[in-house]
Amino acid sequence: MEYSFLKIESKDGICIMKVSAPKSLNALNSTILKEIDDFVSNLDKSVRVLIITGDGEKAFVAGADIAEMANLNEQQGYEFSKLGALAFRRIETLEIPVIAAVNGFCLGGGCELAMACDIRIASNKAKFGQPEVGLGITPGFSGTYRLAKLVGQGYAKEMIFTGKVIKADEALRIGLVNAVYEPEELMDKAMEMAQTIKEKAPLALQYAKECINESYDLYADGAIEMENKDFGRCFATEDQKEGMAAFLEKRKPNFVGK
Ligand code: CAA
């Protein structure tokens, strides 16, 4: 498959997948989600470590594509959520380690993509958040599930309920990322970590990942499906239409709870 929105570089067993949609800060539309799904499903067996990052200096991924979502109905909202959730679950369950190198805005579906990776490192310019409720929707690509697991329920609920955006140092403090670097150092540090991992025994790495995921993932599929359904339900509300229209018209939304 030819990719319109992914840039792939692969050398000596380390592969870099860059999400590239510069006009929308790498926002994830359904074509990109299908490309990611295809890419991770068909990853060459010679790849031992995958690094995921965003193209350009400003964004890792600024979320799911709001313009595409604005007019979806409940069923379409559910399908859209499922598309991203399945692609991200494939990343989470890949046999090889996956590092997210977060280089800028990492919001909504972007934060969800980073959280599906095994390890996150960030530039000091990165900003993280789950701003969905400000658009009249819930997080959709398994953010409710993974954020709570990673940073604990209390902080996850604060982030999801307030939609607040946090800086890289705060993401480090709460354990959302493992390390923070100068922007120009980020990819070198990601490569360094990938190189260290690559020198270890592939099967031992695969089994270690499976073991860590096994207890962590106990209720994953049920929790993810529930989120897909609730994400879809949001698209039957006036608030979702208002929230997304407000973003696209660059104004504040007026939510009515319907
Ligand atoms: N979807 C579609 N377009 C997006 C986008 C998104 N998530 N994020 C940014 N863009 C577009 C903007 O509309 C803008 O397009 P135009 O130039 O045509 O106006 C362009 O990218 C540049 O963005 P801004 O002008 O807004 O840049 P900024 O520096 O002023 O602000 C930002 C950057 C704070 C990231 C802001 O763009 C923003 O708030 N984006 C939306 C973030 C968001 O809400 N993400 C969650 C989406 S919902 C989701 O992800 C659901 C899910 O869980 C599956």
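**Exercises on a helix crossing and a mixed sheet**

The model is predicted, with local features needing pLDDT of at least 70 and side-chain atom pairs counting only at pLDDT 80 or more, while totals for chains, interfaces and linings use all residues. Residues are numbered from 1 along each chain as its sequence is written, and side-chain values use heavy atoms, leaving out hydrogens and water.

**Exercise 1.** Describe how α4 and α5 cross, and state which residues make the contact.

*Solution.* Begin with the axes, which are lines fitted to C-alpha atoms over the stretch in contact, with angles from 0 to 180 degrees between N-to-C directions. Those of α4 (residues 109-116) and α5 (residues 143-151) come within 10 Å and cross at roughly 55°. Next, the contact (heavy atoms within 4.5 Å) is made by E112, M115 and A116 of α4 and by G143, R146, L147 and L150 of α5.

**Exercise 2.** Work out the strand order of the open sheet and find which strands stand at its edges.

*Solution.* Strands are DSSP runs of E with at least two residues, helices runs of H or I with at least four, and two strands pair if DSSP finds at least two bridges between them. The order is β4-β6-β8-β9, with mixed pairing. Because β4 (59-61) and β9 (165-167) each have a single partner strand, one side of each lacks a neighbour in the sheet. Finally, β6 (residues 105-107) and β8 (residues 127-129) run parallel and are joined by three bridges, with F105 opposite K127 in β8.
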